[in-house]
Amino acid sequence: MINKGVFMKEFHCHSFFSGDSEEEPRRICETAIKKGITYLTITDHIDHYPIPSPNIFTFDVEKYFTLWKDLQKEYEKDLNIGIGVEIGLQPSMCEENDDFIEKYPFDFVIGSIHAVEGKDIYLDRFLEQYPPVEALHHYYDDMLYCVKHTKNFHILGHIDYIDRYFKDKKDVPDYKIFMPKIKEILQELIQTQRGIECNTAGLRKGLDHMNPKPSIIQSYYDLGGRIITIGADAHFAKDLGADYKKAVEIVKEIGFKKLSYFKNKEEEKIDF
């Protein structure tokens, strides 16, 4: 039954096309409708690693578009479905990623750091290879380079994502140490008319905040940024729209009047 008291927008979710999800696309659509989600953009993983094999974070793009275009038509009366992708940003893959984004007609592209120095943060246990502060300096250095040299993505995903993967969350360094680099990243996004997301998954990953922290979203806004999306980063249909109300409260309190939505790679503004 649709919750008619809440109409949510979900701009970051994954299906079985992603290597870390087994969720059925049709169940995503049915669950979204039941939860009162009116806009949904699927954003499955593509991570172009320098060493191509083994790589679970890629998929058959033609099959992806065929399936999701069929679902767009099937559910068009109840759900506005966008076809997007979450690109894994890496310094060595900037040109390849830009070419890939340009080649395919994605509505929406999230650019996210999932690997540092070619090592997957989770699968390769990157955080075990450096002291915490040094590890995060490497992380934000790679992010800054990628933001400056990969131009075709629309939103920088879950900026402080790496915080999720500290075994003991007490070991997460004070983010203020990295704010000069983070502000440079935000300024580059603003100058190139790109945005950030409020990703609610941090709350499900043992953090006391979403990704990024409200203070980072506030910095983006204070610097002049006005492009923001909200996404649960759902890998299971049950998590679609998770903590959406909390995210809306945060971004509205910061000053945002509307969410951004992307269709045919063009930004549109929509109400919360």
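Predicted model: local features only at pLDDT ≥ 70, side-chain atom pairs only at ≥ 80, totals over all residues.
Local features were taken at pLDDT of at least 70 and side-chain atom pairs only at pLDDT 80 or more, whereas totals for chains, interfaces and linings use all residues. Residues are numbered from 1 along each chain as its sequence is written, and side-chain values use heavy atoms, with hydrogens and water left out.

The structure contains 15 salt bridges (a side-chain nitrogen of Lys or Arg within 4 Å of a carboxyl oxygen of Asp or Glu). One of them pairs Lys167 with Glu128 at 3.4 Å, N to O. Lys167 is in the loop between strand S7 (155-156) and helix H5 (179-191) and Glu128 in the loop between S6 and H4, so the contact ties together parts 39 residues apart in sequence. Helices (H or I, at least four residues) and strands (E, at least two) are DSSP runs, numbered from the N terminus. Lys167 is exposed, at 78% relative accessibility, and Glu128 is partly exposed, at 48%; buried means under 20% relative accessible area, exposed over 50%, and partly exposed in between (1.4 Å probe, protein chains only).

A further salt bridge joins Lys151 and Glu188 at 2.9 Å, N to O. Because Lys151 lies in the loop between H4 and S7 and Glu188 in helix H5, this pair connects parts 37 residues apart in sequence. Lys151 is partly exposed at 41% relative accessibility, while Glu188 is buried at 12%.

Leu123 is located in the loop between strand S6 (119-120) and helix H4 (132-149). With a relative accessibility of 49%, Leu123 is partly exposed.
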